[in-house]
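I opened this entry to get my bearings in a structure I had not seen before. These are my notes, in the order I looked things up.

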Amino acid sequence: MNFFAFVISVLMGVGSLAYVYSGTGFDQLVRGLLILGALWLYAGRKRWTWFSTIALLLSVALAGYGLWVGLSPGWMVAGAIGALLAWDLTEFMRRMDGAFETDDLPGMQRRHLARLTVVALIGLLLASISMLVRLEFTLEWMMLLALVAVLGVTQLVAWLRREK
Amino acid sequence: MSRTFFLILIIYALLLAGLATLHGEFVGLALPFVVYLLVGFWRAPDEIKLDVHRTLSTERAAPGEDVLVTVDVTNQGADIEELLLEDGCSPNLTVSNGSPQHLLSLKKGESYSWTYIVNGPRGGYPFDGVMVEAMDHFGVRPSKQQVPARSELFVFPPLTRLKYVTIRTRRTRVYSGSIPARVGGPGVEFFGLREYQPGDPPRWINWRASARDSEILYANEFQQERVADVGIVLDGREKTNWFRDGRSLFEHSVLAAASLADAFLSQGNRVGLLTYGRYLDWTLPAYGKVQRERILQALAHAQIGGSPVFSGLEHIPVRLFPAHSQVVLVSPLDAGDLEILIQLRARGYQVMVISPDPVSFEVSYLPEKPSIELAGRVVRMERELLIKKLQHAGVQVLDWNVAHPLDQVMKHRLGPPPALLRAIGGRK
């Protein structure tokens with residue numbers, strides 16, 4: 001069940017990006033995305049979580065690039081969410097490998113997938129709303145974002161120091 | 001890099017990209033990641049509060065014997081969605097049934113119990129605790145800790161029951177035992193005659209000797225039997241124990257040491273153990289069942305060592321053994337050991353060597369070739385010469401071909417003399 005969900009996620013992530021890029025003359029990139037998808041599926045089977053991390057980074061970077069060059073934002077968000085789900089499921093499958101045959105694996109998988117679906121839907125909904133609203137980067141927005149960024153970095157540094 | 005850190009990096013990268021390019025869509029692209037991260041943090045377990053209790057079906061097992069390990073875990077804290085439990089059993093133990101690792105959900109106040117079966121070779125196997133890894137829904141904030149639950153499994157060496165091992169020390173202790181003390185008094189074996197004294201049992205009177213003298217009444221005196229100090233030295237040197245293809249005589253030596261310690265303690269003697277090899281592991285001499293347990297634990301941990309310092313026997317700390325006591329060396333023997341053993345004998349110790357035969361052991365698994373047969377004969381002659389020299393020096397040597405059971409060899413060579421020999425005062 002997990003691997004099936006993982007395959008769907010990879011197809012959703014890589015497929016969305018490849019679909020959008022294919023109609024705009026980025027043929028090399030599309031081929032690269034298809035290879036990335038195939039490798040990702042193989043890496044998922046091998047539980048290479050490091051590869052999932054790289055693949056997620058690449059997918060997000062390509063989604064961001066797509067937004068920048070003015071491709072359809074909906075497909076880009078779908079690509080990023082698919083990549084996020086695939087990244088999560090690779091790690092989840094690795095954790096499940098630590099279970100013994102008598103453990104309640106189906107129950108845990110069911111609950112995890114249900115939560116993941118809800119999170120993906122909420123993320124998609126919020127992203128869609130933000131795209132529909134079409135936020136314009138006014139000076140106020142920039143100042144607010146800069147403030148959030150500074151606060152966030154401060155919190156992040158504090159958290160990392162605590163972790164150490 | 002942790003998953004949280006990675007997600008935060010992506011979120012900030014998208015925000016910064018939005019700021020740099022003045023594209024609001026980047027913020028929208030970051031939102032699914034923010035939601036994912038927030039849900040993960042929201043459901044992350046604050047603190048792991050688990051009670052872990054482990055029981056072993058037995059704490060002392062024989063090599064290869066199955067031991068049932070039962071682990072009970074109770075969650076005293078908040079609900080934990082994903083809990084990976086890994087019991088800290090030694091990697092040298094073989095899990096024959098079940099698993100020391102489980103993944104489950106554990107709600108507040110809920111308990112979980114599981115069992116698995118292990119077995120292993122001789123050794124001491126501490127179970128340190130249970131490694132616990134609690135996860136939130138998405139594994140963004142894992143919490144890992146070791147919950148203490150100490151227990152220890154000892155796999156003792158196999159023990160051969162030796163009914164009786166004859167030793168004769170020059171000095172015995174005051175308590176009555178089974179070793180002839182060369183002192184007259186109450187006992188079993190005839191020792192001599194003395195003048196009858198009031199209080200002596202009438203059946204001690206030697207009527208035949210008394211009939212020869214009209215004045216004096218003679219009474220028999222018997223040899224007192226007492227306990228003695230016995231120091232067992234287990235040779236764990238690499239050069240005497242290791243052979244080709246990783247084969248070793250050490251397990252046979254350990255078996256012999258354990259069986260001898262058991263036999264000597266059963267006879268009431270005070271027994272100590274020195275494992276000589278990697279380092280000096282000394283179990284202080286004492287009596288009884290507790291000492292038997294101590295020695296077996298020490299033997300469970302005994303290992304071969306290749307320390308250059310202890311490559312010869314000259315570092316045996318002789319002062320650990322009481323003067324004129326019995327020293328039993330369990331060793332395959334090396335030519336260089338002759339001098340040290342003769343020195344021990346010269347210091348007044350009664351020295352006995354139980355020597356697992358390395359020549360027969362090695363020849364038994366080598367291919368049958370004339371050259372190997374010839375080499376075996378040469379090495380056997382060298383060994384026989386070494387044993388003869390030791391015997392000439394007054395060292396009692398038992399050359400043990402490990403293909404034969406120890407108890408049979410011991411009974412034949414070191415058991416009590418037959419009744420007929422005892423009656424005429426003969427010894428083995």
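I started with B:Val73 and looked for its bridge partner. In strand 7 of chain B, that partner is B:Tyr112. I note here that the model is predicted.

Next I checked the strands around this pair. Strand 3 of chain B covers residues 67–75, and strand 7 covers residues 111–119. The two pair in the antiparallel sense over eight bridges.

Which other strand did I find paired with strand 7 of chain B? I found strand 5, residues 94–97. This pairing is also antiparallel, and I counted three bridges in it. For B:Val95, I traced the bridge partner in strand 7 to B:Val118. I kept one general point in mind: in a regular strand, side chains alternate between the two faces of the sheet.

Then I stepped back to the whole chain. I listed eleven helices and 17 strands in chain B. Is chain B a compact globule or more spread out? Its radius of gyration is 33 Å, while the globule rule gives 22 Å for 428 residues. The value is well over the rule, so I wrote down that chain B is more spread out than a compact globule. I also looked up the box filled by the C-alpha atoms of chain B: it is roughly 130 × 65 × 35 Å along the principal axes.

I turned to burial and contacts. Buried residues make up 51% of the 428 in chain B. I took the contacts between residues at least 6 apart in sequence, and 69% of them join residues at least 24 apart.

For the surface, I noted an accessible area of about 21,100 Å² for chain B. Carbon and sulfur atoms account for 53% of that area. I then looked at charge. Chain B has 46 positive and 45 negative side chains. The centres of the two sets lie 9 Å apart.

Last, I looked up two residues with positive phi that are not glycine. B:His324 has a phi of about 60°. I placed B:His324 in the loop between helix 6 (288–301) and strand 15 (326–330) of chain B. B:Leu333 has a phi near 70°. I placed B:Leu333 in the loop between strand 15 and helix 7 (337–346) of chain B.

Which of these two is buried, and which is partly exposed? B:His324 has a relative accessible area of 22%, so I marked it partly exposed. B:Leu333 has 10%, so I marked it buried. The cut-off for buried is under 20%.

Definitions and conventions. Residues are numbered from 1 along each chain as its sequence is written. Chains are lettered from A and ligands numbered from 1 in the order in which they are written. This is a predicted model: local features need pLDDT of at least 70, side-chain atom pairs count only at pLDDT 80 or more; totals for chains, interfaces and linings use all residues. Side-chain values use heavy atoms; hydrogens and water are left out. Helices (H or I, at least four residues) and strands (E, at least two) are DSSP runs, numbered from the N terminus. The radius of gyration is taken over C-alpha atoms; the globule rule is 2.2 Å times the number of residues to the power 0.38. Buried means under 20% relative accessible area, exposed over 50%, partly exposed in between (1.4 Å probe, protein chains only). Contact means heavy atoms within 4.5 Å. Accessible areas come from the Shrake-Rupley method with a 1.4 Å probe; for residues, only the protein chains shown count as cover. Lys and Arg count as positive and Asp and Glu as negative; His and the chain ends are not counted. The place of a charge is taken as NZ of Lys, CZ of Arg, CG of Asp or CD of Glu. Two strands pair if DSSP finds at least two bridges between them.
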